[in-house]
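Take a look at the sequence and structure, then read on.

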Amino acid sequence: MVSSEGLSAPLSPPQAVVAKQYGVTKPISTAGPTEADVQRTVELEKFLVEAGLYESKEEATKREEVLRRIGQIVKDWVKQLTRLRGYTDQMVEDANALIFTFGSYRLGVHGPGADIDTLCVGPSYVNRDEDFFFILHNKLAEMEEVTELQPVPDAHVPVMKFKFDGISIDLLYASVSLLVVPEDLDISDVSLLYNIDEPTVRSLNGCRVADQILKLVPNVEHFCTTLRCLKFWAKRRGVYSNVTGFLGGVNWALLVARVCQLYPNAVPSMLVSRFFRVYTQWRWPNPVMLCAIEEDELGFNVWDPRRNPRDRTHHMPIITPAYPCMNSSYNVSKSTLRVMMEQFQHGNKFCEEIELNKARWCALFESYLFFESYKNYLQVDIVAVDADDLRAWKGWVESRLRQLTLMIERDTLEMLQCHPYPHEYVDTTKQCAHSAFFMGLQRKQGEKVQGQQFDIRGTVDEFKQSIDMYNFWKPGMEIYVSHVRRRQLPSYVFPDGCKRPRPSRAVAQQHDGELSGTGSGEGHLKRKNNFGGGTPEKRQSISHRRQDSISPEIITDKSGSASPETLDKCFSMEVAESNKRNLSGEKEPGDASNCSVITNVTSMSSCEDTGFGSVAASSEGNRSVEGSSIGSNTASLCEADSESVSVSGGVNGNLLQNGSQEGLELNASFGMILHTSEGVQPEGVQKAVISRLGLTSMA
């Protein structure tokens, strides 16, 4: 194991002996490493240490102490409740609760400053809604060591987030059907799932899945090093975020574990290379599974597209190994899958060069230049009065940003592609608490259509209306969605606070060649004030319950809102003449050859520039920040340089009225493997996938 204190001793090539089969198929290769592979692994481990991915012994000791103290707190909490409810003295003495860890900490791949995913298991008479989220919450709130306490009871997996002595904690709760929780409780025991609800099952599964993963890999140390490497790579390339529609920690762990099963004697440098080689060729939506999908008499739903129509809509199934087996990556959309596949290709390219000694490991981990990869972006600004309000408000909005991607896919028939970027940006010059997220926009690559327009104003309005459903809204909590050109991006998104200089055409073309498919649209976007520089009229919010909410930073105009006729007249479209530019051979750096065109939008309610600039009126449904303007969501108009087809995404004119994604038809390989008369056959699935990948002879 590599630590921050130094490197492990040089590895010696192990004997290529496999005592047992891991996974549902035979391995692709049982070959061990060559001397070159061993040396590359040493270099990789050295790079990971120098990148600061390992915590110090002092921090590790502090984490253990924090977990011990939290464990004692929940024990005292359960004993207190047992006494208050009139149980006998013996029951009070025996009353117990246990703390388990899962996620990166349980797998041994956490880094400095990472949070600890924890689960509290308590007896049957201690419930989640009142006892956990009210009594324990109040107990923690009174402690000096606890800061940033944030309960999230309505989450898919209910959680309480806080910092304990500076260590970030995500605490779940599971009430099991036991009067007394024994100290030696086996969290993997299926009997724990009797008589519990779905949220409790999901809470328990984090720990159960982590334990199963560690049991199903041939070499835990090699698995951990490889996973630590791939998680770091995913964060650098902007594809690490379950909530945004990419992959989270457990997803990456399952993908890495499957590669470890397929190459049981490989060392980390080999496993990283094989990871990209396998998943660049994987035929999604064929599932990734570490073991057979178990059925049980408990009756919980397991992932099975043969029986469950919703499972057929999953684009990138990565199945958990513990009962009930679920798809851990249901958040992945077509857009985010496309982005990940592009990044897998990027990783595979550099791994091939590393194996040929044409590149070093640092080249693989270069940051993705998101703000140089597209010409058009959606900017989502989230503001609140103070940091505490922003933390809660941002969590709500961020958890629903994925829906905006799905809505845009739906309303444009997937012709307008979105790339949500999971990084958060902050404008520190604002008096209000602020956070911003960005999405890259481009026309679907390879489609040859003429003059197609993408009007996503209605889509954005629908998204904003869903955000307005937040039950804990306070005055000052606002969201603004604006369409910005690359040259209009705010300076705070760049590391040094200023925009990068334009690369030369040769460099830009080289960049496009390396990251094919990530080029963005071409065209122009200008914000014009039809009032000759005068201050445009402000419009009232569509959210009636917030009409009277005014904070020192958030100013809302009380005048009547504009009529639909006025709004229609406020926006005119001027198609940019991109063909002339293409014919003359001129192309702005970073553009792809098949780039889309953004229309010039003339708005009576827009300011000179988008984002936070000079004072301007807010669009319908938005508010203005004093001394600044936040771009109008009605400026989100895109046009492709193809045939003229207008697509409107209005709330009442959506292309798919039911608001759901179109179901994916099971492809031919699924049809051959998932028979209607038989259950899911994981071995057949994996064999067919590997055969189709052409990986059977891969070393």
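S1 and S2 run antiparallel and are joined by five bridges; strands count as paired if DSSP finds at least two bridges between them. One of these bridges links Leu98 with its partner Val121 in S2. This is a predicted model, in which local features need pLDDT of at least 70 and side-chain atom pairs count only at pLDDT 80 or more, while totals for chains, interfaces and linings use all residues. Residues are numbered from 1 along each chain as its sequence is written, and side-chain values use heavy atoms, leaving out hydrogens and water.

**Strand S1 and Ile99**

- Strand S1 is largely enclosed by the rest of the structure, because four of its five residues are buried (under 20% relative accessible area, with exposed over 50% and partly exposed in between, using a 1.4 Å probe and protein chains only).
- Ile99 has its place in strand S1, and it is partly exposed, with a relative accessible area of 23%.
- Although Ile99 and Cys120 are 21 residues apart in sequence, they are 4.7 Å apart in space, C-alpha to C-alpha.
- Beyond its neighbours within four places in sequence, Ile99 is in contact (heavy atoms within 4.5 Å) with residues including Ile70, Val74, Cys120 and Leu171.

**The sheet**

- Helices (H or I, at least four residues) and strands (E, at least two) are DSSP runs, numbered from the N terminus.
- Five strands make an open sheet with mixed pairing, in the order S1-S2-S5-S4-S3.
- Strand S1 (98-102) and strand S3 (146-152) are at the edges with a single partner strand each, so one side of each has no neighbour in the sheet.
- From one strand to the next, the twist averages 25° (angles run from 0 to 180 degrees between N-to-C directions, with axes fitted to C-alpha atoms, for helices over the stretch in contact).
- S3 pairs with strand S4 (residues 159-164) in the antiparallel sense over five bridges, and Val146 has Phe164 in S4 as its bridge partner.
- Helix H2 (residues 57-84) packs on the sheet, where it touches S1, S2, S4 and S5, and its direction makes about 35° with that of S5.

- The axes of helix H7 (residues 220-236) and helix H9 (residues 268-280) come within 9 Å and cross at roughly 50°.
- Where they meet, the residues include Leu230 and Trp233 in H7 and Phe275 and Phe276 in H9.
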